[in-house]
Amino acid sequence: MPLTDQQTRLASFLDTHVQRITASREVDDLTLLVAMSDYLDTFTQLMDSSTSEEMDLLCECYPGFYRFGKVLERLAEGIASGRIPVPK
């Protein structure tokens with residue numbers, strides 16, 4: 001399954017930003033999440049326009065994109081389980 005130009009462009013864009021943030025020092029998940037908060041819509045756009053197989057392929061190709069996705073996945077799991085409280 002070939003990836004579209006838009007999928008590749010968006011994943012590369014996100015990957016570049018994560019790589020820039022993490023290049024000079026070790027960055028924890030919270031720091032990365034805060035630094036990438038302006039790009040949540042971009043990630044959502046890519047996720048909504050991709051199959052799970054395409055997302056897996058993008059994660060294989062772009063390690064920064066993968067890392068950002070894992071941070072968001074852990075956040076979602078924490079909210080769903082109640083470990084991370086969300087104000088009402």
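I began with helices, which are DSSP runs of H or I with at least four residues, while strands are E runs of at least two, and both are numbered from the N terminus. With that in hand I placed aspartate 38 in the loop between helix 2 and helix 3.

I noted that this is a predicted model, where local features need pLDDT of at least 70 and side-chain atom pairs count only at pLDDT 80 or more, while totals for chains, interfaces and linings use all residues. Residues are numbered from 1 along each chain as its sequence is written, and side-chain values use heavy atoms, with hydrogens and water left out.

Aspartate 38 counts as exposed because its relative accessibility is 68%. I also found that aspartate 38 and serine 24 are 14 residues apart in sequence and 21 Å apart in space, C-alpha to C-alpha.

Threonine 22, in helix 1 (residues 5–22), counts as buried because its relative accessibility is 19%. Not counting residues up to four places away in sequence, threonine 22 touches Val27, Leu32 and Arg67, where contact means heavy atoms within 4.5 Å.

**Entry: the core**

Of its 19 residues, Met36 and Phe65 touch the most other members. Helix 1, helix 2 (29–35), helix 3 (40–48), helix 4 (52–61) and helix 5 each supply at least two residues of this core, and the largest share, 5 residues, comes from helix 1. Leaving aside neighbours within four places in sequence, I found methionine 36 in contact with Leu14, His17, Val18, Ile21 and Phe68.

**Entry: aromatic rings**

How many aromatic pairs are there? I counted 3, with rings of Phe, Tyr and Trp (its six-membered ring) pairing if their centres lie within 6.5 Å, and planes under 30 degrees apart counting as stacked, over 60 as edge-to-face and the rest as tilted. The rings of phenylalanine 13 and tyrosine 39 have centres 5.4 Å apart and planes at 75°, so I recorded this pair as edge-to-face. The pair links distant parts of the chain, 26 residues apart, with phenylalanine 13 in helix 1 and tyrosine 39 in the loop between helix 2 and helix 3.

Note on methods: Buried < 20%, exposed > 50% of the residue type's maximum accessible area, 1.4 Å probe, protein only. Core = buried A, V, L, I, M, F, W, Y, C linked by side-chain atoms within 4.5 Å.
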